[in-house]
Amino acid sequence: MRRNAALFVAISVLSGLGGSAMALVAGIWVLDLTGSTGLAALAGLCVYAPVLAGPWLGGLLDRAPRRPLVIAVNLALAAALLSLLAVRGPGQTWLIFAVTLAYGVSYVVIDAGETALLPAALPPARLADVNGWRSSAQEGMKLVAPLAGAGLYAWRGGHPVAVLSAAVPLLVAVLYGALRLRTTDAAPADRSATADPAPARPSGPRAGLAVLLRRRAVRVPVALAAVSIAMSGFTTAALYAVVTEELALPSTFLGVLASAQGAGSVLAGLVVGRLVRHRGASAVGVAGAALFAAGCLGRCLPWWPATVAASVVIGVGLPWTLVAAVTAVQTHTPPKLLGRVSGTANTAMFGPITLAIPLGSVAVHAGGRPPFVAAAAVCLAAALVAVVGRPVARLRPRAGS
């Protein structure tokens, strides 16, 4: 299955290249056309808002053949991106918003589709490794793609970036077609085909939520990832305040911190697979949340090298929680429900950040450091609950034996 593993990593590289470049350029393009920073920020919101519809969009993958659907979504995305060639002035700004919204919808479907296809393409023992490699590839592209996209935009404008971004999903569609799947990727039509011994009484989006809540091996890693990712959004404004006010550094220093966090994420992805195999997804999720908390406290120190080091630690912790959660979903979910469970898990993990960011913008009025302390306390509390809950479940059967 090395071939399939290489294809999935290549898909992550290409997707990270096109997605990261266009996400940044869309906002810059809107700002240049309208002069409004609010509208520019709204372009970014259009990319992330569809994650709230994850349970419904993920359900599509359980009703149709998964690989053909993912390929079709990539082809549709390429066509949507090419429509940006019609943008000539402020009157076509709506088209950028429409395309960014389409990008967000496709991201939810494709991400859930990858999660659902991986178990059909790889043995269970390789899932954590490949998820880690995919994470490293995506984070590596985040270090390169925004700069490349902004440079191309400054040189030739938005149209070449749109063409480049449209070429990416076309190539990704070809790579999906080259995958060798051990079993059919179509969602079973008959209800008797489920591998879950417990009947999934809820239908539609509720079925995905029921699986997340019913199985602790899935519930705990997803919850830890959700808390950590939400707290990363909660501390966004605080980081700006710490850098510019507490440390009295120029705002460009944020780029240094972003690079340090990205480097930590690349390294984290290379080792997280082995950790999940040997320690389990829940244990890795706990470790990731604890590392994120440690990084938040490190950013409170009045010394810029400590802030850089803390960014590296955060860069390790966040991907660990995410990879642990994704691997848990793939490992413990019945195949016929993988689409909607993956979509629901994505909503659970990334949805709260839409509320955490504005809350963090309010909390920063108390100073830059208090939000970091609060975020660290929340993550450590979540990790503690996960650790304390595990022995209780394990000791009860032994006591009765």
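## The salt bridge between R134 and E114

R134 and E114 form a salt bridge, with their closest N and O atoms 2.5 Å apart in this predicted model. A salt bridge here is a side-chain nitrogen of Lys or Arg within 4 Å of a carboxyl oxygen of Asp or Glu. The pair links distant parts of the chain: R134 sits in helix α6 (residues 124-156) and E114 in helix α5 (residues 93-121), 20 residues apart. Helices (H or I, at least four residues) and strands (E, at least two) are DSSP runs, numbered from the N terminus.

R134 is buried, with a relative accessible area of 5%. E114 is buried too, at 5% relative accessibility. The cut-offs are under 20% relative accessible area for buried, over 50% for exposed, and partly exposed in between, with a 1.4 Å probe and protein chains only.

## How the model is read

This is a predicted model in which local features need pLDDT of at least 70 and side-chain atom pairs count only at pLDDT 80 or more, while totals for chains, interfaces and linings use all residues. Residues are numbered from 1 along each chain as its sequence is written, and side-chain values use heavy atoms, with hydrogens and water left out.

## The other salt bridges

How many salt bridges does the structure hold? The structure holds three. In one of them, D129 pairs with R277, and the closest N and O atoms are 2.2 Å apart. This pair also links distant parts of the chain, since D129 is in helix α6 and R277 is in helix α11 (residues 253-279), 148 residues apart. D129 is buried, with a relative accessible area of 14%, whereas R277 is partly exposed at 39%.

Another salt bridge joins the side chains of R369 and E246, at 3.0 Å from N to O. R369 belongs to helix α16 (residues 369-400) and E246 to helix α10 (residues 236-246); they are 123 residues apart, and the pair links distant parts of the chain. R369 is partly exposed, with a relative accessible area of 23%, and E246 is partly exposed at 35%.

## Helices α12 and α13

The axes of helix α12 (residues 281-298) and helix α13 (residues 304-332) come within 7 Å and cross at roughly 155°. Axes are lines fitted to C-alpha atoms, for helices over the stretch in contact, and angles run from 0 to 180 degrees between N-to-C directions. How are α12 and α13 directed, roughly parallel or roughly antiparallel to each other? They are roughly antiparallel, because angles over 145 degrees count as such, while those under 35 are roughly parallel, 65 to 115 roughly perpendicular and the rest oblique. The crossing of α12 past α13 is left-handed, that is, the near helix is turned anticlockwise from the far one by less than a right angle; clockwise would be right-handed.

Residues of α12 that meet α13 include A281, L291 and F292, and those of α13 include V313, W320 and A328. The residues of this contact divide into 16 nonpolar, seven polar and no charged. Ala, Val, Leu, Ile, Met, Phe, Trp, Tyr, Cys and Pro count as nonpolar, Asp, Glu, Lys and Arg as charged, and the others, Gly among them, as polar. Contact means heavy atoms within 4.5 Å.

## Helices α9 and α14

Helix α9 (residues 216-234) packs with helix α14 (residues 338-350) at an angle of about 35°, and their axes are 7 Å apart. V222, A225, A226 and I229 in α9 meet A345, A348, M349 and F350 in α14. The residues of this contact are eight nonpolar, no polar and no charged.

S106 is found in helix α5. S106 is buried, with a relative accessible area of 5%, and touches V73 and L77 when residues up to four places away in sequence are not counted.

T307 lies in helix α13. Is T307 buried or exposed? T307 is buried, with a relative accessible area of 0%. Leaving aside neighbours within four places in sequence, T307 is in contact with L247, L257, G298, R299 and L301. A248 is in the loop between α10 and α11 and counts as exposed at 61% relative accessibility. A248 has a positive phi of about 55° although it is not a glycine.

## The chain as a whole

The secondary structure comes to 16 helices and zero strands. Buried residues make up 50% of the 401 residues in the chain. Among contacts between residues at least 6 apart in sequence, 85% join residues at least 24 apart.
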